Amino acid sequence: MKLIKLPLMLSLSAAFLFSCQKDDISTPAEESAEVQTEISKSVISKVEELHFNSNHIEKSKLLLPDGSYQDTYLIEGDIAMDRSQIETMSPASITNKQYRTYNLVSSPRTISVIGYTGGSGQGLTSKQRTALQYAIDNYNALNTGLSFTLTFGTNYSPYDIVVYQNPNGEAGGVAGFPSGGNPYKYVQIFSGMESYSTDTNEHVITHEIGHSVGLRHTDWYSRESCGQSGESADPDGAVHIPGTPTDFDANSVMLACFSANEDGEFGYYDSVALEYLY
């Protein structure tokens, strides 16, 4: 997730793929220069094959709850994959404006979620815990084969998803796409979200969990919610979900950017998408 300098707009995201947020957004020329100087041609080529925007690639490190870091590539400003995922993910495995990846969670199943309460700045604040409960309620209110349980604590190893804080002072979050039929485990919320309402925190967490179960950005092709345009990808790179619009859906929780006054709830077509998939 990424804070951008537009009126009340914050860029949001995730995904193993991850989402991440920064204080500034680079110009296309700056981003292109970063790609050329830091990212190998083989990585750029594979990212293009997967129909992500190759003008938005940078090397990054994902903070884990235990304080260790994992090397990843940050794509489209808020989606990250490690090198093995980039190499093994198939374009055919990017499945159905709501869009999903070909990577989905096996269903029906119960997904166990833990809100991390440990120290070293990674424990969720009271506001974030409330927002996480609201986000889980959003998913459980859907008519899908997925159900979610939520607890709070520090022993996150047995759980399918752990939601925790990154004390970086920024606004946004990070999450990942499913793998092996399982949701992406690590959902990171940035500490700068404490400055925003509980509902906006709910929005970010709901969005990141959306990545964890296989949704990609609704406006992945244009990042229109971020005030950007002119970016495109072939339609086979992200599978359109039947029953949802193919033009810009301003109400989607899965837009690449979000405002500071979100209500935290799914848009109508977000619900249609998830109920179609699961």
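Which residues line the largest cavity?

Author: The model is a predicted one. Its largest cavity is lined by Tyr 139, Leu 142, Thr 144, Leu 146, Phe 148, Val 213, Leu 274 and Tyr 278. By class, this lining comprises seven nonpolar residues, one polar residue and no charged residue. The space within the largest cavity amounts to about 40 Å³.

One of the lining residues, Tyr 139, also takes part in the contact between helices α4 and α5. Helix α4 covers residues 126-140 and helix α5 residues 198-212; their axes come within 8 Å and cross at roughly 55°. The crossing of the two helices is right-handed. On the side of α4, the contact is formed by Lys 127, Gln 128, Thr 130, Ala 131, Leu 132, Tyr 134, Ala 135, Ile 136, Asn 138 and Tyr 139. On the side of α5, Thr 198, Asn 201, Glu 202, Ile 205, Thr 206, Ile 209 and Gly 210 contribute. The residues of this contact comprise eight nonpolar, seven polar and two charged.

Two points of backbone geometry complete the description. Ser 120 lies in the loop between β7 and α4, and its phi is near 60°, a positive value in a residue other than glycine. Pro 108 is joined to Ser 107 by a cis peptide bond, with omega about 0°. Most residues other than glycine have a negative phi, and most peptide bonds are trans.

Methods. Residues are numbered from 1 along each chain as its sequence is written. This is a predicted model: local features need pLDDT of at least 70, side-chain atom pairs count only at pLDDT 80 or more; totals for chains, interfaces and linings use all residues. Side-chain values use heavy atoms; hydrogens and water are left out. Axes are lines fitted to C-alpha atoms, for helices over the stretch in contact, and angles run from 0 to 180 degrees between N-to-C directions. Helices (H or I, at least four residues) and strands (E, at least two) are DSSP runs, numbered from the N terminus. A crossing is left-handed if the near helix is turned anticlockwise from the far one by less than a right angle, and right-handed if clockwise. Contact means heavy atoms within 4.5 Å. Ala, Val, Leu, Ile, Met, Phe, Trp, Tyr, Cys and Pro count as nonpolar, Asp, Glu, Lys and Arg as charged, and the others, Gly among them, as polar. On a 1 Å grid over the protein atoms alone, a cavity is a set of points where a 1.4 Å probe fits but cannot get out, and a pocket is an open set with protein on both sides within 12 Å along at least five of seven lines; lining residues have an atom within 4 Å of a point. Grid points are joined across faces, edges and corners, and a volume is the space filled by probe spheres set on the points.
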